[in-house]
Amino acid sequence: MARTTITTQVAIMGGGPAGLMLSHLLAKQGIDSVVLEIRSRQEIQETVRAGILEHGTVNLLVDSGVSDRVLREGDRHDGIELRFNGESHRIDFKELVGESVWLYPQTDVFMDLAARREADDGDVRYSVTDTSVSDPEGTPSVHFTDADGVDFEVRADLVVGADGSRSQCRALIPEAARTRHFHEYPFAWFGILAETPRSSDELIYANSEHGFALISQRTETVQRMYFQCDPKENAADWEDERIWAELRKRVNGNGFELKEGAVIDKMVLPFRRFVQTPMRHGKLFLAGDAAHTVPPTGAKGLNLAIHDVSVLFEGLDSYYRTGSTDLLDSYSDRALERVWKAQQFSYWMTTMLHTSADSDSFSRARQLGELNSVVSSRHGMAYLAEAYTGWPGHAS
């Protein structure tokens, strides 16, 4: 059966937040793109994912015209609490660096972007199958079958791989031309959604001798919480009381008590970090989880993906306006500068807050000394605040 041919300027593999944001930015400049996504729109919308958005990510969503719903329905957080030795220490973002973050689920970011692309008649194809990319070093083309079983070929100037942590596109970069950096932590997060009022208006990052815990929020009546666990744990083995007992001993104390309720969802999340370099090969560009993943401790994953896209957009816009490839040629180096800063920050937060299985008394005392060094120093707290809210230079 003959394939139907589509000609476009940029073929974008992946219709999550990164791919849709890039398509939106390109459309505003009159640059044509086609977005291909193997999942259905409904499937992505029903995949519940948390989200802390840096101020630069929020600015890009609002200023580029995606939506201002994050400002109307998201929760602005002007700080977090570090809790150790049973005491809380607030890191005041506003006072330290003049910025904030927004609690706004990644699912909602996707919904805003999908709605904007639909309203703007963007070419986004969900539920595609049999995707393949040919000749990314020469004349790129993408083959796929749409949801109705029709075969297509997309002929494009350039291809962007924004196809997530199981990326097909990153494997297109020859082994001799790429380096993969990977580390798997010896612990995981046990995550829950619970029907309960908020225990705190801001996130609590708790270090204890029993392991790490994170108290987050979702709505006025449903909250998200995590605690450090063995990666081999089976969430189904944990009854509600056992979960709350684990959280209590890591967080409660000195007058603070978690508000408890029915656990309505639970899962075990492995902890990994990964970077593939470079993020460009020939006419193929990687963005977001296709190129890198970070542990969730520093809330950097989605923000890095959006930053990649903003940097890549600058290069694509310059190329199509002026014919210059300078910004495209430097895309990988410019994106990776922030990626490695985020990897360092996530690593630092993770090792400072989590308890290693082989930790001895010296390691525990040293870890508490590090936490005390941070909260007793304006410079220490300012480093954390700047990294958490987002470093300057976020393209918007």
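Modeller: Buried means under 20% relative accessible area, exposed means over 50%, and partly exposed lies in between (1.4 Å probe, protein chains only). The model is a predicted one, in which local features need pLDDT of at least 70 and side-chain atom pairs count only at pLDDT 80 or more, while totals for chains, interfaces and linings use all residues. Residues are numbered from 1 along each chain as its sequence is written, and side-chain values use heavy atoms, with hydrogens and water left out.

Colleague: Is Ala299 buried or exposed?

Modeller: Ala299 lies in the loop between β21 (292-293) and α8 (301-322); helices (H or I, at least four residues) and strands (E, at least two) are DSSP runs, numbered from the N terminus. Its phi is near 55 degrees, a positive value in a residue other than glycine. Because the relative accessibility of Ala299 is 16%, the residue counts as buried.

Colleague: What is the phi of Ser127?

Modeller: Ser127 belongs to the loop between β9 (123-125) and β10 (129-134). With 28% relative accessibility, Ser127 counts as partly exposed. Ser127 is a residue other than glycine with a positive phi, and the value is near 60 degrees.

Colleague: Which peptide bond is cis?

Modeller: The proline concerned, Pro278, is in the loop between β18 (262-277) and β19 (280-281). Omega is near -10 degrees for the cis peptide bond from Thr277 to Pro278.

Colleague: How far apart in space are Thr8 and Val154?

Modeller: Thr8 sits in the loop between β1 (4-7) and β2 (10-13), and at 5% relative accessibility it counts as buried. Contact means heavy atoms within 4.5 Å; leaving aside residues up to four places away in sequence, Thr8 touches Asp32, Ser33, Val34, Val154, Arg155, Ala156 and Asp157. Thr8 and Val154 are 146 residues apart in sequence, and their C-alpha to C-alpha distance is 7.1 Å.

Colleague: Which residues does Asp240 touch, not counting those up to four places away in sequence?

Modeller: Asp240 is found in helix α7 (residues 240-251) and, at 28% relative accessibility, counts as partly exposed. Pro105 is 135 residues from Asp240 in sequence and 24 Å from it in space, C-alpha to C-alpha. Beyond its sequence neighbours up to four places away, Asp240 touches Gly261, Ala262 and Val263.

Colleague: How are α10 and α11 oriented to each other?

Modeller: Two packed helices are described by the angle between their axes and the distance between the axes. Axes are lines fitted to C-alpha atoms, for helices over the stretch in contact, and angles run from 0 to 180 degrees between N-to-C directions; under 35 degrees counts as roughly parallel, over 145 as roughly antiparallel, 65 to 115 as roughly perpendicular and the rest as oblique. The axes of α10 (residues 331-353) and α11 (residues 361-375) come within 9 Å and cross at roughly 125 degrees. The two helices are therefore oblique.

Colleague: What is the radius of gyration of the protein, and which value would a compact globule have?

Modeller: The radius of gyration is taken over C-alpha atoms, and the globule rule is 2.2 Å times the number of residues to the power 0.38. For 396 residues, a compact globule would be near 21 Å, which agrees with the protein's 22 Å.

Colleague: What share of the residues counts as buried?

Modeller: The secondary structure comes to twelve helices and 21 strands. Of the 396 residues of the protein, the buried share is 54%.
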